[in-house]
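Subject: Structure handover

Hello,

Here is the structure I promised you. Please open it beside this email and follow along.

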Amino acid sequence: MEKKTLVLGASLNSARYSNIAIKRLVRYNQPTVAIGLRKGEVEGVKIETEKIPFQDIDTVTLYLGPPRQGEYYDYIVSLNPQRVIFNPGTENQEFYEILRKNNIEIEVACTLIMLGTNQY
């Protein structure tokens, strides 16, 4: 099943997990959009630097530590995703509460493992 995914904290650096996640999402035929610090492209996915009002986002997968997440709280809620995946190192109790109040599912997991084990 296709789940349009926003990779937040996307990197052009091929050694970064967010970069690997974009490549793996594309390989698993998941529609993917991305936001990062620098514009560029990974596997045909454009990395934007602005908070684009993307449509039909099912999943937001976070690759930003808690100190950098605050500026994205309202933006993520405005996208009305089904879920937000908190990859290792992104866990954030404050954000969990905001998401729960907006009926958005929270997954504390690794996107790469979820894809690899068919749990995405």
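One definition comes first: buried means under 20% relative accessible area, exposed means over 50%, and partly exposed is in between (1.4 Å probe, protein chains only). This is a predicted model, so note the limits: local features need pLDDT of at least 70, side-chain atom pairs count only at pLDDT 80 or more, and totals for chains, interfaces and linings use all residues. Residues are numbered from 1 along each chain as its sequence is written, and side-chain values use heavy atoms, with hydrogens and water left out.

**The record**

The UniProt entry is unreviewed, and its annotation "domain: CoA-binding" covers residues 3–115. UniProt positions are given in the numbering used here, feature names are shortened, and annotations may be inferred rather than shown by experiment. In the model, the end C-alpha atoms of residues 3–115 lie 12 Å apart. The span is 32% helix and 27% strand. Helices (H or I, at least four residues) and strands (E, at least two) are DSSP runs, numbered from the N terminus.

**The sheet**

Strands of a sheet pair through backbone hydrogen bonds, either parallel or antiparallel. Here, two strands count as paired if DSSP finds at least two bridges between them. Seven strands form an open sheet, in the order E3-E4-E2-E1-E5-E6-E7. The pairing is mixed. Which strands stand at the edges? Strand E3 (40–42) and E7 do. Each has a single partner strand, so one side of each is left without a neighbour in the sheet. From one strand to the next, the twist averages 25°. For such angles, axes are lines fitted to C-alpha atoms, for helices over the stretch in contact, and angles run from 0 to 180 degrees between N-to-C directions.

Now look at E6. Strand E5 (residues 59–62) pairs with E6 in the parallel sense, over four bridges. Thr59 has Arg83 as its bridge partner in E6. Leu62 stands opposite Phe86 in E6. E6 and E7 also run parallel, joined by four bridges. There, Val84 stands opposite Ile106 in E7. Are the faces of E6 covered or open? Both are covered. Arg83 and Ile85 on one side, and Val84 and Phe86 on the other, are all buried.

**Arg83**

Arg83 is in strand E6. Its relative accessible area is 5%, so Arg83 is buried. Glu107 forms a salt bridge with Arg83, with the closest N and O atoms 3.2 Å apart. A salt bridge is a side-chain nitrogen of Lys or Arg within 4 Å of a carboxyl oxygen of Asp or Glu. Glu107 lies in strand E7 (residues 105–108) and Arg83 in strand E6 (residues 83–86), so the pair ties together parts that are 24 residues apart in sequence. Both Glu107 and Arg83 are buried. Arg83 also lies over the face of Tyr120, at 4.5 Å from the ring centre. A charge sits over a ring if NZ of Lys or CZ of Arg is within 6 Å of the ring centre and within 35 degrees of the ring normal. Lys51 does this too: its charged end sits over the ring of Tyr72, 5.1 Å from the centre.

**Other salt bridges**

How many salt bridges does the structure hold? It holds four. In one of them, the side chains of Glu97 and Arg100 meet at 2.9 Å, N to O. Both lie in helix H4 (residues 93–101), three residues apart, about one turn of the helix. Glu97 is partly exposed, at 39% relative accessible area. Arg100 is partly exposed, at 45%. Elsewhere, salt bridges that share partners join Lys39, Lys46 and Glu48 into one network. Glu48 and Lys46 meet at 3.8 Å, N to O. Glu48 is buried, at 16%, whereas Lys46 is exposed, at 51%.

**Aromatic rings**

Rings of Phe, Tyr and Trp (its six-membered ring) pair if their centres lie within 6.5 Å; planes under 30 degrees apart count as stacked, over 60 as edge-to-face and the rest as tilted. A search of the whole structure finds four such pairs. The rings of Tyr72 and Tyr75 have centres 6.5 Å apart and planes at 65°, so this pair is edge-to-face. Both Tyr72 and Tyr75 are buried. Phe86 and Phe95 are also edge-to-face, at 5.7 Å centre to centre and 75° between the planes. Phe86 and Phe95 are both buried. Ring pairs link Tyr73, Phe86, Phe95 and Tyr96 into a cluster.

Best wishes
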